[in-house]
Amino acid sequence: MGEKVVAGTFDLSDRHVYRKKLQACLKGLERLLAEQRFDRPKNLMGMEIELNLAGPDGLPRMLNAQVLERIASRDFQTELGMFNLEVNIAPHRMGGRVLDQLAEELRTGLNYAHRKANELNAGIVMIGILPTLGRADLVSANLSDVDRYALLNDQIVAARGEHFALDIEGVERLTCTSSSIAPEAACTSVQLHLQVTPGRFADVWNAAQAVAAAQIAVGANAPFLFGRELWRESRPPLFLQSTDTRPPELRVQGVRPRTWFGERWITGPYDLFEENLRYFPALLPLMEQEDPLGVIDAGGVPQLGELVLHNGTVYRWNRPVYGIADGVPHLRVENRVLPAGPTVTDVIANAAFYYGLVRALAEEARPVWSRLPFEAAERNFDAACRHGIEARLRWPRRGRLGGITEVPAVQLVRDELLPLAAAGLDAWGVEPADRDLYLGMIEERCRRRVNGASWQTATYHRARERGLDREAALAATTRRYSELMHAGEPVHTWPVGLREPAVPLG
């Protein structure tokens, strides 16, 4: 959704013509695939991180336009809410000291942005959901003042035809309604991109789907919303419900939600783009002048703008991406599973685990998706979101017996997935010192059963035990989190609890 979109209105003929244009784009993609027009292997990865703005009190600050003006860098952009920013890291080749390079670039960029936000009495907080967000913060008036967000909100609201209902039952239960998609802005994530050839795409996407639950188990960092303790990673249910264009009747009929894990393993990239057209009506029927098939006939490379825009309004946790660089088309798998934070070091550790793991699993002679039912992968994802580091996951049994067994996520990660991730990073050519440093952090989280979500909830409950009410405890937890986040030590080393003496309100 980084396109420049101009707000407007659409009539019935617009949607009919747009559907035909989407089909032409899909045919164009099919031809590009058949003619093998895509870029050769380059081992390129990229990263985007969504951020929150909060004040010294831990409360959100609706200042992204002012902060961005001071940052004055194309690396930083708006996101959906006025308290959101996004930082984009330029593509890097996997190999060598890439992990440390990424960490250094991120620290430099985030520290600079934090200093600029400080000039406005705000700061950067890298977290899955800011614990201090209230319902009054997530309203349409606090959407970023950008045409594409207003238009997207209008179209999703119109498609739904009624208020959005949020109903998430975790440790506590949250029920409320919203008249806009603004609650989606609470979800701040890390997006990991990997450029792949068409022939490798299905293996990488299937591997990413298979390990999404393990990513969440070790990386969960969003246990609170609107003052309630919900799932250890509350972003997925919140994202699903806050963008759900289906009224209850369509949900009962089995109509697919736009925030979607998927329903099957794939055989090629075309499968996903075709599903997106087959199952999901267009939200933004905005058309370019390009004739994609004519461009291909002339030997050119089409932008496929309508397909790209439509693809951006279907919120898969592993999304297919079509792009063009230096006049050559390429495909990427965009992994959208992880929450932001807690620290730069933790983000890079999560990235190392992911990139190593998908490389190793994609190259296995007997791939995991041939032994694990897709439904089991989806249930694993749900279990990891609910229970985080304490989740139990179903996984193919090793050895001659075969079959599926259920194991604690920490055991699966330590015994089986971390060695695979190490082998994958070796295959990428990553320096052993970087490999061991960052994968060692994942191992320590598993050994200590600590991640961002477990630290947040433990610190919150410690604050409540010391006499703080709910709002004060969440604010104090957020302030302490921000302090430790900027200190930069990985989350498994963070001491639980507040540093300053807690003083009850009243």
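I looked up Thr197 and found it buried (under 20% relative accessible area, with exposed over 50% and partly exposed in between; 1.4 Å probe, protein chains only), at a relative accessible area of 16%. I worked on a predicted model, in which local features need pLDDT of at least 70, side-chain atom pairs count only at pLDDT 80 or more, and totals for chains, interfaces and linings use all residues. Residues are numbered from 1 along each chain as its sequence is written, and side-chain values use heavy atoms, without hydrogens and water.

I placed Thr197 in the loop between β7 (190–196) and α5 (198–219); helices (H or I, at least four residues) and strands (E, at least two) are DSSP runs numbered from the N terminus. Beyond neighbours within four places in sequence, I noted that Thr197 is in contact with Asp39, Arg40 and Pro41, where contact means heavy atoms within 4.5 Å.

I next turned to Leu166, which lies in strand β5 (residues 164–169). Leu166 counts as buried, at 2% relative accessibility. Leaving out residues up to four places away in sequence, I listed what Leu166 touches, including Leu174, Phe226 and Leu238. I also recorded that Leu166 and Ser178, 12 residues apart in sequence, are 7.7 Å apart in space, C-alpha to C-alpha.
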